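Student: I have a chain to look over. Can we go through it briefly, one point at a time?

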Amino acid sequence: MGLSFTTSTLALAAGLWLAGPAGAGGGGFPALGSVLMLAPALVGMALGQALRGRLPVPVFRRCFFIGLGLLGASMAVRALMLSNA
């Protein structure tokens, strides 16, 4: 799963790089923020792998999916709040 996330992140970075400066509103690398946030994402992935090794698989899976559900709910609430504004 970690390899899948790394591969998709690299593919996204390549796509943003190929989009050119127009993607950032002019000048420079359009995904500088994405590149800067790659380090915390990789640290989080490493911590998740370490935690996965210490927790029983069902407990880790439950916590992982609860976290994903909360993230999705947060995104949905933000989208609804922005569409009503």
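Tutor: Start with confidence. This is a predicted model. The mean pLDDT of the chain is 81, and 84% of its residues reach 70 or more.

Student: Which element has the highest mean pLDDT?
Tutor: Compare the two ends of the range. Helix H1 (residues 2-19) has the lowest mean, 80. The highest, 91, belongs to helix H3 (residues 57-84).

Student: What pattern does the chain follow along the sequence?
Tutor: Count the elements. There are three helices and zero strands. Read in order, the pattern is α-α-α.

Student: What share of the residues is buried?
Tutor: Buried means under 20% relative accessible area. The chain has 85 residues, and the buried share is 5%.

Student: How much of the accessible surface belongs to carbon and sulfur atoms?
Tutor: The accessible surface totals about 6700 Å². The carbon and sulfur part is 74%.

Student: Is Met-37 buried or exposed?
Tutor: Met-37 sits in helix H2 (residues 32-54). With Leu-32, Val-35 and Leu-36, Met-37 forms a nonpolar surface patch of about 410 Å² accessible area together. The cut-off for exposed is over 50%. Met-37 has a relative accessible area of 55%, so Met-37 is exposed.

Student: Which helix gives the most to the lining of the largest pocket?
Tutor: The largest pocket has a volume of about 420 Å³. Its lining has 18 residues, with Phe-5, Gly-44, Met-45, Gly-48 and Phe-64 nearest the centre. H1, H2 and H3 each supply at least two lining residues. The top contributor, with nine residues, is H2.

Technical notes: Residues are numbered from 1 along each chain as its sequence is written. This is a predicted model: local features need pLDDT of at least 70, side-chain atom pairs count only at pLDDT 80 or more; totals for chains, interfaces and linings use all residues. Side-chain values use heavy atoms; hydrogens and water are left out. Helices (H or I, at least four residues) and strands (E, at least two) are DSSP runs, numbered from the N terminus. Buried means under 20% relative accessible area, exposed over 50%, partly exposed in between (1.4 Å probe, protein chains only). Accessible areas come from the Shrake-Rupley method with a 1.4 Å probe; for residues, only the protein chains shown count as cover. pLDDT is the predictor's confidence in each residue, from 0 to 100. Patches are made of residues with over 30% relative accessible area and no salt bridge: like charges are joined within 9 Å, nonpolar side chains (Val, Leu, Ile, Met, Phe, Trp, Tyr) within 5 Å. A salt bridge is a side-chain nitrogen of Lys or Arg within 4 Å of a carboxyl oxygen of Asp or Glu. On a 1 Å grid over the protein atoms alone, a cavity is a set of points where a 1.4 Å probe fits but cannot get out, and a pocket is an open set with protein on both sides within 12 Å along at least five of seven lines; lining residues have an atom within 4 Å of a point. Grid points are joined across faces, edges and corners, and a volume is the space filled by probe spheres set on the points.
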